[in-house]
Amino acid sequence: MVRRLLRIAVVVPLLAIGLGAASAATHTGPATPLCAEAAAANHVGIVIEHDTTVKHQCVSFTSTTILALTVLQDSGFEYATQLYGGIGEAVCQIDNVPAQYTACLPSSGSYWVFFVADASGTWTSAAHGVSVTSLSDGDYVGFRYDPLGGANPPPVAPRGVCPSSTPTPTPTPQPTASASPTPPGTTPPSGTQTPGPTQAGRSATPDPAGGATAASSQSPGSASASGVLGASSPAASPVATLGASTTGAGGGLSPALVIAILAIAALIGLLGIQGLRRRRQ
Amino acid sequence: MNPRALGAWALAGVTIALATGNPVYRVLVLLCALNILIALRRPGISVRGLIVALIVAAAIAIATTTLASHTGVHAFLVLPAGIPVIGGRLTLEAAFFGLSTGIGIAAAVLAAAPLSLVLEPHALVDALPAALARTGAAIGTALNLIPGIARSATEIRDAQRMRGWRSRRVREWPDLAVPVVLTALEGSITLAEAMEARGYGSGTRTHYTADVWHRADIVVAASAVAAAAFFVALRISGVISDWYPFPDVTAPPVSIAGVVSCLALAAPLLVWRR
Amino acid sequence: MTVASLRRFTYRYPNAGQPALDRVDLDVPDGITLVAGASGSGKSSLLRVFNGLVPHFHGGTVSGFAEVCGRDVVTTPTRVLATEVGFVFQDPELQAVYPSVERDVAFGLENIGAAPALMHRRVGEALEVAGIAHLRGRAVATLSGGERQRLAIAGVLAMRPRLVVLDEPLSQLDDQGAAALVATLIDLAKQGTAIVVAEHRFEKLARVPGRRIAIGGGRTVSTDAPAVVPAALVRPPVVTARPQPTGTVAWRVDHLATGPAHTPVLEGVTLEGRRGEVVALVGPNGGGKTTLLRTLAGLLTPISGTVQRAPGRVAFLPQNPMALLHRASVAAEIAWTVRRDDRSARDAAGLINELGLTHIAHRDPRDLSSGERQRAAIAAVLAGSPQIALLDEPTRGMDDGSRDALCRVVLRMRAAGCSIVLATHDMNLARSVADRVVSAGAGVVSELVAAGVA
């Protein structure tokens with residue numbers, strides 16, 4: 001019994017590492033950020049940085065200008081704000097950092113520093129709060145969680161968060177099926193299987209935490225189509241799945257999923273029958 | 001059951017299991033493979049050990065993913081951030097992702113398992129292609145010799161025990177090890193003599209195969225290859241996609257074509273009988 | 001027609017003082033030729049000349065002339081000779097190359113580069129002639145010893161040889177397997193294949209028509225005279241008047257069910273043995289003889305029932321005792337067995353004497369001839385005046401001289417009050433030494449008509 005467990009203990013991590021390494025190896029370069037609704041006219045990129053975690057998202061809008069607060073709202077990141085008199089809403093928490101807080105802008109510790117940048121990509125510290133700062137197409141907003149009284153460097157350069165030109169032939173609002181070259185794989189967003197704690201949360205991975213814009217669907221598993229590849233194959237989409245279309249949180253039950261579940265149940269039932277039959281033999 | 005047909009099936013199963021990150025298809029492959037193992041395994045073979053090992057593997061996959069990845073909306077536990085690697089939020093999404101990985105490993109392993117649990121060992125040796133003929137002869141003789149060596153080891157141990165040998169003292173281990181090794185060596189020399197007497201040596205050799213393809217074998221091999229090819233095509237064209245349950249866990253996307261491909265792997269259950 | 005001939009053929013193994021074959025003159029005709037000789041007589045070396053294993057595989061020096069099927073043995077490699085001469089060895093377990101029957105029979109044909117169609121045909125024919133066509137799809141590991149020997153013959157026959165040589169093929173077989181093999185050989189000879197067989201167990205071959213050759217000291221002693229079997233070769237069983245055993249009970253089993261891995265091979269066995277008594281256990285291979293012996297020895301726990309033994313040392317002689325020998329000399333092996341008992345050390349010298357090992361007691365057992373090794377192994381195991389002695393097929397592969405020595409040792413131990421159980425399928429041995437004969441087979445143990453005193 002002990003010998004068997006030892007064998008398992010040796011084989012399984014090797015298998016796991018192997019699979020993880022294989023998938024990580026095939027993973028190609030910095031994955032592209034999402035920008036759903038590529039067909040929409042205007043985009044603002046938002047960059048969040050705390051500790052070593054960097055996340056970004058591209059938010060699109062149709063009006064001429066957009067409030068920074070709306071950008072944060074539409075980005076899909078978790079956030080919390082508090083009204084602070086003259087400067088309007090102050091950001092207390094983004095992406096669940098800090099997990100708990102008493103004061104939004106504390107007297108000591110860290111707080112969220114708000115930056116803006118124009119199309120050139122150079123960050124400047126914002127003068128006002130998120131609810132009174134407006135941005136237009138091609139601008140960027142950035143948030144960095146930094147200690148009070150520190151140097152307050154800006155976040156990473158926002159280049160590439162939003163594509164400069166809208167990709168041409170995509171009529172589909174949802175690039176559902178992934179046409180990406182990213183591996184059929186098990187690339188967990190934080191590079192779990194491969195050793196390397198520094199991988200946790202690096203924005204090299206395609207920002208799944210950002211998801212699509214809040215208005216569009218969560219089509220799970222949809223990697224980016226637009227930025228890197230151009231169009232996702234439109235032919236694929238009708239066959240493709242899932243009416244994840246308008247639901248924000250959990251995916252819905254599509255007919256295909258129901259059939260799959262039935263097939264699974266049938267196979268499990270068959271397993272039980274086989275097992276009984278063989279035992280009786 | 002033609003060994004090469006089973007080999008094609010196993011290859012198709014492993015391909016499909018590894019070609020997608022979507023747990024729905026993986027579970028289908030896993031269940032097909034498990035059914036085939038239970039129905040067609042050799043008498044006297046138990047798959048219980050294998051299943052236990054795979055459950056442990058899946059548990060480890062879930063644990064490592066949950067502990068190392070801190071992404072996801074639904075956290076069920078928060079460890080102090082100061083701890084390296086595992087400090088931070090432990091999320092449900094990461095656990096599900098780990099589960100999907102574990103299911104993938106299990107599906108691939110179970111798809112390959114019939115090669116050793118369904119086929120007789122000598123059938124695999126016989127099915128080797130001509131290029132591996134010498135290796136086949138070597139493996140064949142090993143398969144023949146090993147049970148004999150094991151038996152002689154037991155006999156020697158029993159006989160030495162009757163002469164007062166006790167296995168507890170390390171000093172006395174040569175009394176078991178040396179005879180066993182010497183006997184094994186002598187046995188292989190005897191076998192070498194027999195092989196030489198039958199003409200084994202340098203020179204051109206041909207290859208004997210009792211390869212017979214029944215209709216059932218053709219059905220299995222063709223359906224498996226078609227299923228794998230179709231599945232890979234669907235994957236490349238984007239119809240079948242991976243499943244990232246981040247930041248919020250949702251139902252995986254399922255395509256009917258993919259489900260059908262996976263179910264085609266159940267063909268051996270319909271046409272093969274033990 | 002002469003199939004093979006040797007003229008003044010002399011062969012020495014590497015680093016050997018004496019030649020193994022000394023100026024042998026021999027002609028081998030069609031039909032069956034039986035070769036008899038004690039171990040160490042050169043019998044095995046002579047057989048290996050026919051397919052070139054001597055000298056090509058074993059090395060050494062050769063002089064004289066040997067020809068088989070028109071080819072000179074010394075200059076033709078074994079690979080070529082193998083197409084005309086087939087060789088079947090003594091150990092059924094050490095001849096099969098592939099684990100499946102069909103593929104193994106084709107092994108020889110693969111080696112000569114035969115076309116697949118030809119191979120299929122020949123394999124089918126060979127399986128038929130060898131009488132194992134019903135085993136075609138089986139795995140070799142599931143065959144019995146007799147079936148494996150016939151598999152070896154089939155493998156040889158697939159090459160359509162002119163001459164088939166068999167080196168003690170019956171030694172590991174029980175009566176049934178041996179009878180089937182002999183019948184196959186007779187059929188083969190009728191179909192025109194020449195056969196040379198070396199055997200100790202002449203009682204199995206007594207009715208086989210053919211020439212008899214004896215070999216001793218590397219020289220062939222007698223040839224021709226097919227109907228005459230030299231008296232020196234076939235000894236009558238040793239029968240001496242013995243008093244009935246009256247000793248106390250040394251071991252007893254009661255309603256015993258036993259078998260390996262919790263599957264019973266024997267059931268409901270009730271039996272006992274006394275001091276100074278020899279019980280012969282007969283029956284087919286796989287019938288439970290070894291299982292009963294191991295249970296008596298305490299190596300196998302009974303599934304149900306009881307085993308009782310008188311206190312004292314139990315000696316157990318396994319089926320392949322030569323495997324145990326690894327020390328530098330025969331005397332060292334014996335000394336190890338009796339290391340705990342000084343008195344037995346003195347008896348050991350007597351045992352060495354009795355088994356004719358005095359002149360080789362200092363030599364490495366693995367350098368000795370097979371008969372000498374067997375006797376050395378028996379001495380190593382039985383030394384030390386055991387109270388109970390359990391012997392599993394002790395005369396397997398033994399020549400007559402060794403068998404006689406063993407009988408003497410058994411009878412001496414019996415006189416000294418040891419209780420002996422002897423498992424064998426050699427009825428001659430059983431009749432020579434046993435007070436009682438018990439048969440084990442088909443799960444049941446029953447007492448046969450007691451072998452009376454002569």
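## Helices α11(C) and α13(C)

α11(C) and α13(C) are roughly parallel to each other, a label for angles under 35 degrees. In this predicted model, helix α11 (residues 330-337) of chain C packs against helix α13 (residues 370-382) of chain C at about 20 degrees, with the axes 7 Å apart. Axes are lines fitted to C-alpha atoms over the stretch in contact, and angles run from 0 to 180 degrees between N-to-C directions. Helices are DSSP runs (H or I, at least four residues), numbered from the N terminus.

Val330(C), Glu333(C), Ile334(C) and Thr337(C) of α11(C) meet Ala376(C), Ala379(C), Ala380(C) and Val381(C) of α13(C). Contact requires C-beta atoms, placed from the backbone, within 7 Å. By class, 6 residues are nonpolar, 1 polar and 1 charged. Asp, Glu, Lys and Arg count as charged; Ala, Val, Leu, Ile, Met, Phe, Trp, Tyr, Cys and Pro as nonpolar; the others, Gly among them, as polar.

## Helices α13(C) and α14(C)

The axes of α13(C) and helix α14 (residues 400-415) of chain C come within 10 Å and cross at roughly 15 degrees. That makes α13(C) roughly parallel to α14(C).

On α13(C), the contact includes Arg375(C) and Ile378(C); on α14(C), Ala405(C) and Leu406(C) are among the residues. This contact has 5 nonpolar, 4 polar and 1 charged residues.

## Chain B against chain C

The contact takes 44 residues from chain B and 50 residues from chain C. α7(B) gives the most to the chain B side, with 14 residues. That side has 18 nonpolar, 17 polar and 9 charged residues.

## Conventions

Residues are numbered from 1 along each chain as its sequence is written, and chains are lettered from A and ligands numbered from 1 in the order in which they are written. Local features need pLDDT of at least 70, side-chain atom pairs count only at pLDDT 80 or more, and totals for chains, interfaces and linings use all residues.

Note on methods: Two residues are in contact if their C-beta atoms, placed from the backbone, lie within 7 Å. Helices (H or I, at least four residues) and strands (E, at least two) are DSSP runs, numbered from the N terminus. Angles under 35 degrees count as roughly parallel, over 145 as roughly antiparallel, 65 to 115 as roughly perpendicular and the rest as oblique.
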